Amino acid sequence: MNEILGKLCVIIGPSGSGKDTLISGARLLLKNEKRYVFVEREITRPKTKDAENHIEISRNEFERKKRAKEYSLVWFANGLGYGVTNLDGYLRQGKFTILNGSRGALKDICEKYKGAVIIQVEVPAELLRERLQARARESSSDIDARLARGIALKVLDPKILNFKNDKAINESTNEFVAILRNLSNH
């Protein structure tokens, strides 16, 4: 196996915490800095304008690629399949590789990528409720269940960096990028 020269940074947090917004903002601010790579996930979910940027893939094609071991990482969450290709290639190239991960898959990710750094995006419960209601994708009871699941799935580990995303978008994005830059220099 080739030596890993880069570093994997996994972003986790509940739906509505702003992971996609932070990652999109960081991608724009860091677009001219070649050491950063933002990995796109293949997801068995149709692309919509209000969902994260991802590569839409059919369940059959996802299963075929999984069986053929074409993914660096694969996991299932909320009834969907998630696959990541070329992650190992980016790391061998020495890239600081940013992945929108999953709290449910974190154990497997950390076992495979021992030096991964984890940023957990957090939002106060009432702000998270407001964001989920504004998306208008779920009923009130579904939002209550999602909030309860978010509390239950919070990762309590002193090695994980907790990022509180409760400021204006520009301010939070700038703070997030400063953290990424700092992590990539260590």
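I started with Tyr71, which is buried, with a relative accessible area of 10%. Buried here means under 20% relative accessible area, exposed means over 50%, and partly exposed is in between (1.4 Å probe, protein chains only).

A note on what I am looking at: this is a predicted model, where local features need pLDDT of at least 70, side-chain atom pairs count only at pLDDT 80 or more, and totals for chains, interfaces and linings use all residues. Residues are numbered from 1 along each chain as its sequence is written, and side-chain values use heavy atoms, with hydrogens and water left out.

**Entry 1: the rings**

I looked up the aromatic pairs and found that the structure holds five. Rings of Phe, Tyr and Trp (its six-membered ring) pair if their centres lie within 6.5 Å; planes under 30 degrees apart count as stacked, over 60 as edge-to-face and the rest as tilted. One of the pairs is Tyr36 with Phe96, which is edge-to-face, at 5.7 Å centre to centre and 80° between the planes. Tyr36 belongs to strand E2 and Phe96 to strand E7, so this pair ties together parts that are 60 residues apart in sequence. I checked both residues, and both Tyr36 and Phe96 are buried.

Back to Tyr71: its ring centre is 5.5 Å from that of Phe62 and the planes are at 40°, so the pair is tilted. Phe62 has 0% relative accessibility and counts as buried. Ring pairs also link Phe62, Tyr71 and Phe76 into a cluster.

**Entry 2: the four-stranded sheet**

Helices (H or I, at least four residues) and strands (E, at least two) are DSSP runs, numbered from the N terminus. Two strands pair if DSSP finds at least two bridges between them. I traced an open sheet of four strands in the order E4-E3-E6-E5, with mixed pairing. Its edge strands are E4 (55–56) and E5 (73–77), each pairing on one side only. Strand E3 (residues 42–43) pairs with E4 in the parallel sense over two bridges, and Ile43 stands opposite Glu56 in E4. Helix H2 (residues 59–67) packs on this sheet, touching E3, E5 and strand E6 (80–84), and its direction makes about 140° with that of E5. For such angles, axes are lines fitted to C-alpha atoms, for helices over the stretch in contact (heavy atoms within 4.5 Å). The angles run from 0 to 180 degrees between N-to-C directions.

**Entry 3: the five-stranded sheet**

What is the strand order in the open sheet of five strands? I read E2-E7-E1-E8-E9, with parallel pairing. Strands E2 (36–38) and E9 (161–164) stand at the edges with a single partner strand each, so one side of each is left without a neighbour in the sheet. Neighbouring strands here are turned by 25° against each other on average, direction ignored. Strand E1 (residues 7–12) and strand E8 (residues 117–122) pair in the parallel sense over four bridges. Helix H7 (residues 169–184) lies across E1, E2, E7, E8 and E9, running at about 160° to E9.

**Entry 4: Arg35**

I ended with Arg35, in the loop between helix H1 (19–29) and E2. Is Arg35 buried or partly exposed? Arg35 is partly exposed, with a relative accessible area of 32%. Its side chain makes polar contacts with the side chains of Tyr36 (3.0 Å) and Ser184 (3.4 Å). A polar contact is a pair of N or O atoms within 3.5 Å; within protein, one must be able to donate a hydrogen and the other to accept it, and residues adjacent in sequence count only if both atoms are side-chain atoms.
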